[in-house]
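The sequence and structure come first.

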Amino acid sequence: MSIFFTFFLFFTSVTPHKYLPIDRIPVWKSKNDPNIGPAFGQPEQIRLAYGGDESTYSVTWQTYDDTLKSIVEYGTDISDLKNSVEGRCAVFLDGQKHSVWRYIHRVNLTGLEPGTRYYYHVGSEHGWSPIFFFTALKERESGGYIYAVYGDLGVENGRSLGTIQKMAQKGELDMVLHVGDFAYNMDESNGETGDEFFRQIEPISGYIPYMAAVGNHEYYNNFTHYVNRFTMPNSEHNLFYSYDLGPVHFIVFSTEFYFNLHLGYHQMENQFNWLTNDLKKANENRKEVPWIITQGHRPMYCSDFDGDDCTKYESIIRTGLPLTHGYALEKLFYEYGVDVELWAHEHSYERLWPVYNRTVFNGTQQPYVDPPAPVHIITGSAGCRENTDVFIEHPPPWSAIRSTDYGFGVMRVYNSTHLNFKQINVAQGGTEDDDFWVIKSSPKHHRPFKHRDLKRLRTYGTHVPKHHCHHKSHCDETRKKRTRRHQKRDE
Ligand SMILES: [Fe+2]
């Protein structure tokens, strides 16, 4: 399985991880007083992440003092954790006036046997965590991997948390894809809100890999909490990266660069170049890894009532920067044949018909079989203090299914041709708001979209122009407004 260890130099003010030297003498030790040890050496906030292949996991945790060592002990027998691996420790100060010293420990576990259950604990002689377990990733006998997919989960009103924790511990999930907006907000209360969030997700992240994408709520100090707390594969900053798992090439990127231009254009430009290069390589490898699935926080399309970017005729994420249309993502993802695009930010669930350039493929019996355009899914209602979002009454033609109830997605990629997505409604006791399939009739149909796809899209699809009326009442209102405007002008 090929992994793309491609990352560009990250010219930004993001604080790089400040790793402490192995041969350091911690402050408490330098006092040479046998009665002084680390003040807070107890590990907490344990989180696993996929390391880029099935035999590699990273383990990350936090202490509030320097424990000198960062160790994971693990084994297949809970009473005999015979393997010991030492990692590195970085110190993290978030830049606030009363910034707390946080010690972020990272250990890589390699050579894991797919499908084997491992027990582990983390820490040092100054404190050990409870024993957790994980099963090294392996395709399920009934096919593929199962992912929980959601965004916008906060420490308050985290409505989906309990259900996801239970599913993770029962082995009903293989991995979490959290598509931006954590904690609300990680930097608040001097960073304690972030600490609390990582404690709350530990019953998930201690057992299965917890994979992250950055959202607007991580904006503080150029995403410093997000950058310093997570450990994502093939990246030092976690802001854009990619990895393969089974038949899927996952691409994670930051939509936030487009809305934080005061930090400079270079972040957006670096990412765009990286995306282009990564998509190119992914297409060269499509025989081995056919699906391409992207994750970005702010969607290109939506039918919410909040005036967000996705409600605009030309959303910035879709068509790029105003006037120049620079760094537009819809065209890029279309040209390289992205199959599925996962989004959040809107506190709701919305599944779209296949769509490209505001032309919606909804005029056939089976629009999700060999769709001639990417399939967009927005799932940002996991639960936070900001409540769920409201939809406009009459949605545009791209909207297939919508729900404003709290919940999260469960995606299962069975093989190279079949992908299933369900939206679990936790507000209604776990019922399903949606259950649909994206199907490729042959693995060969994973490829860049071509002229014949565009022709199919135009022949059977519906183009949605700027002043499209989706409903009679809406059209009447638009007509009345126009008449009033003309009358005023003629007066
Ligand atoms: Fe958001």
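## Domains and their contact

The protein divides into domain 1, residues 13–138, and domain 2, residues 140–491. The model is a predicted one. Taken over C-alpha atoms, the centres of domain 1 and domain 2 are separated by 32 Å. Domain 1 contributes 29 residues to the contact, and domain 2 contributes 34 residues.

On the side of domain 1 that touches domain 2, at least two residues each come from strand 2 (44–50), strand 3 (57–63), strand 7 (102–109) and strand 10 (132–135). Strand 2 gives the most to this side, with 7 residues. Sorted by class, the side of domain 1 that touches domain 2 holds 14 nonpolar, 11 polar and 4 charged residues.

## Annotated spans

Two annotations come from the UniProt record, an unreviewed entry in each case. The annotation "domain: Purple acid phosphatase N-terminal" is listed there for residues 43–135. The annotation "domain: Purple acid phosphatase C-terminal" covers residues 373–432 according to UniProt. The table gives the computed make-up of each span.

| Span | Helix | Strand | Distance between end C-alpha atoms |
|---|---|---|---|
| Residues 43–135 | 0% helix | 54% strand | 22 Å |
| Residues 373–432 | 0% helix | 45% strand | 25 Å |

Tyr57 is placed opposite Leu109 of strand 7. Both strand 3 and strand 7 are among the strands that supply at least two residues to the side of domain 1 that touches domain 2.

Strand 25 (residues 407–413) pairs with strand 26 (residues 418–425) in the antiparallel sense, over 7 bridges. Here Arg412 faces its opposite residue, Asn420, in strand 26.

## A covered strand and a helix pair

Strand 24 (residues 399–403) is mostly covered, with 4 of its 5 residues buried. Strand 24 pairs with strand 20 (residues 349–352) over 4 bridges in the antiparallel sense. In this pair, Ser399 of strand 24 is the bridge partner of Leu352.

Which residues does helix 2 bring to its meeting with helix 3? From helix 2 they are Leu161, Ile164, Gln165, Ala168 and Gln169, and they meet Gln200, Pro203 and Ile204 in helix 3. The contact of helix 2 with helix 3 has 5 nonpolar residues, 3 polar ones and no charged ones. Helix 2 (residues 161–169) and helix 3 (residues 192–205) pack at an angle of about 30 degrees, and their axes are 8 Å apart.

Methods
Residues are numbered from 1 along each chain as its sequence is written. This is a predicted model: local features need pLDDT of at least 70, side-chain atom pairs count only at pLDDT 80 or more; totals for chains, interfaces and linings use all residues. Two strands pair if DSSP finds at least two bridges between them. UniProt positions are given in the numbering used here, feature names are shortened, and annotations may be inferred rather than shown by experiment. Domain bounds come from an automatic or database domain assignment. Two residues are in contact if their C-beta atoms, placed from the backbone, lie within 7 Å. Ala, Val, Leu, Ile, Met, Phe, Trp, Tyr, Cys and Pro count as nonpolar, Asp, Glu, Lys and Arg as charged, and the others, Gly among them, as polar. A residue is buried if 20 or more other C-beta atoms lie within 10 Å of its own, exposed if 12 or fewer, and partly exposed in between; C-beta atoms are placed from the backbone. Axes are lines fitted to C-alpha atoms, for helices over the stretch in contact, and angles run from 0 to 180 degrees between N-to-C directions.
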